[in-house]
Every structure is written in C-alpha cells, then in structure tokens.
Amino acid sequence: MNHRRLARGERIVIATHNKGKLREVAALLAPHGIETVSAGELNLPEPEETEESFLGNARIKAMAAARAAGLPALADDSGFSVAALAGAPGVRTADWAMQPDGSRDYADAMRKVMEAAQEFEDRTAWFSCALVLAWPDGHVEGFEGRAMGHWVWPPRGQHGFGYDPMFVPNGRDETFGEMDPAEKHRISHRAAAFALLSAACLPR
Ligand code: IMP
C-alpha cells in the first residue's frame, strides 16, 4: 500500500477542540519531530459529525481542518462502547454528555451509561479511536485502535478525561482515571491507533 508520510519538522493541525484529546495527541506526536497547532488556536469551525463510524467522523473533521488551514490535519474521533448496549454510546459518546445549556457533563454521561447497563450481567466495554490524517489536496489516511475492558461503578480516579474513571482495561485493576497518563498512553485505544499511524505516516 502507498501511504503518504509527513516530513520531519512539518507543521500539522490537530483538528480537535477537546482539551483532553489535544493533550494526548500532542504527547504522542512530541517524539516524532512534528510541529503542531490546534484547531482552537486557528479558530477553525467544528464541522458536524454526520457519519455512523468513528473513521467517517474523523475523516470529516480532518478534511475540513486541512482545507481551512492549508496544512495537513490530524483528527481523532473516539468513543466508549458497552457490549450490553449493543455498542452504545459509541459514535454518540459526546452527545450523552450534552446538557441543555450546550455544555458537556461527563459525570452525568457516565451515570446515564451505568443506569442503562446496570441490569445486564455482561460488563464488557471498550474505547475506540479513529485517527485520520488529511492533506489539503484531499488525500486521507485513516487508522483505528481499541482498548478492551469492562465498566465499573462508581467512577474512580482524577486523571485522563471523559469516561476514563468508569473503564478498567483488560489485565488491570485500575481505571484509566486512576492510571498515570504515561501508563494509559501505553495501552489506550488512542495509542493503538497512533502506532498504526506512526508506522505508516510519520517521518522514519
Ligand atoms: P468525539 O469528539 O465525537 O470524538 O467524542 C469523543 C467522546 O468520547 C468524548 O465524549 C470523550 O470524552 C470520549 N472519549 C474519547 N476518548 C476517550 C478517552 O481516552 N478517555 C475517556 N473518554 C474518551
């Protein structure tokens, strides 16, 4: 397959307005000699996420940012899935946190997930992350990673963001919220997607 690679020192847009994702994606890119600027710093608009897949929505965000900024753009679309809820909230993960005033409340979102799922014995859950790198000429590269585990209640831990405090990855006892950020980076859905992106598209 012919992947397109970024050059060392090249500047790209991180096409997200989510501070948690921005921090994690910037940390993953830091060792690779890529300069980053965020969509927020460039005042780029947030396009509507109208696709039914993580890759589809990441593609929308990456292409919109690349066109608007005239630079390659990397977008992350991710979410939390519960097996007993047929994969929900999934691509609607951020919507479950939406409040009537337009703000997002993840304590409330986690409670909604727990209330919907508590009657089921199966506690299997996972995070998915799609990373799409798009260039202003329309070329796109996309990769997806997962972290499998189970959900717990009550939420535990102050690290990370979003639904991290209610997710325990397989083989661990701590939630993502209790883990040191460097430890989460070793095993997360974002790290899994990033490893594929890195092999295909980052400078050698
Ligand atoms: P998106 O902006 O549509 O991709 O929304 C992603 C949603 O998934 C947000 O609500 C995030 O809080 C949640 N999410 C994505 N990645 C993670 C993670 O690593 N930990 C916790 N929550 C996450």
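My entries follow, beginning with the ground rules.

**Ground rules.** I am working with a predicted model, where local features need pLDDT of at least 70 and side-chain atom pairs count only at pLDDT 80 or more, while totals for chains, interfaces and linings use all residues. Residues are numbered from 1 along each chain as its sequence is written, and side-chain values use heavy atoms, with hydrogens and water left out.

**Entry 1: the annotated residue.** I looked up D77, where an unreviewed UniProt entry places the feature "active site". UniProt positions are given in the numbering used here, feature names are shortened, and annotations may be inferred rather than shown by experiment. I found D77 in strand 3, residues 73-82. Helices (H or I, at least four residues) and strands (E, at least two) are DSSP runs, numbered from the N terminus.

Is D77 buried or exposed? D77 counts as buried because its relative accessible area is 4%. The scale I used calls a residue buried under 20% relative accessible area, exposed over 50% and partly exposed in between (1.4 Å probe, protein chains only).

Next I listed the contacts of D77, leaving aside neighbours within four places in sequence; among them are K21, E49, N57, K61 and S128. Contact means heavy atoms within 4.5 Å. The side chains of D77 and K61 are joined by a polar contact of 2.9 Å. A polar contact is a pair of N or O atoms within 3.5 Å; within protein, one must be able to donate a hydrogen and the other to accept it, and residues adjacent in sequence count only if both atoms are side-chain atoms.

**Entry 2: the ligand.** I then asked which residues are closest to the ligand. Of the 17 residues that surround the ligand, the closest are K21, Y106, D164, K184 and R190. To be counted, a residue needs one of its heavy atoms within 4 Å of the molecule.

D77 turned up here too, with an N or O atom of its side chain 3.0 Å from an oxygen atom of the ligand. E49 has a polar side-chain atom 3.0 Å from a ligand oxygen. For R190, a polar side-chain atom lies 2.8 Å from a nitrogen atom of the ligand. Taken alone the ligand exposes 490 Å², and the protein buries 95% of that. Those areas come from the Shrake-Rupley method with a 1.4 Å probe; for residues, only the protein chains shown count as cover.

**Entry 3: the nonpolar core.** I looked at the largest nonpolar core, which has 19 residues; L6, L29, L74, L133, F194 and L197 touch the most other members. Such a core is a set of buried Ala, Val, Leu, Ile, Met, Phe, Trp, Tyr and Cys residues joined through side-chain atoms within 4.5 Å. Strand 1 (11-14), helix 1 (19-29), strand 4 (124-134) and helix 5 (189-201) each give two or more residues to this core. Helix 5 supplies the largest share, five residues. Beyond four places in sequence, L6 touches residues including I12, I34, L133, W135 and L202.

**Entry 4: two loop residues.** T93 sits in the loop between strand 3 and helix 3 (106-117). T93 counts as buried, since its relative accessibility is 7%. Its side chain reaches the backbone oxygen of G90 at 2.5 Å.

D173 is in the loop between strand 6 (167-169) and helix 4 (181-187). D173 is exposed, as its relative accessible area is 71%. Further than four places away in sequence, D173 touches R156, V168 and E178.
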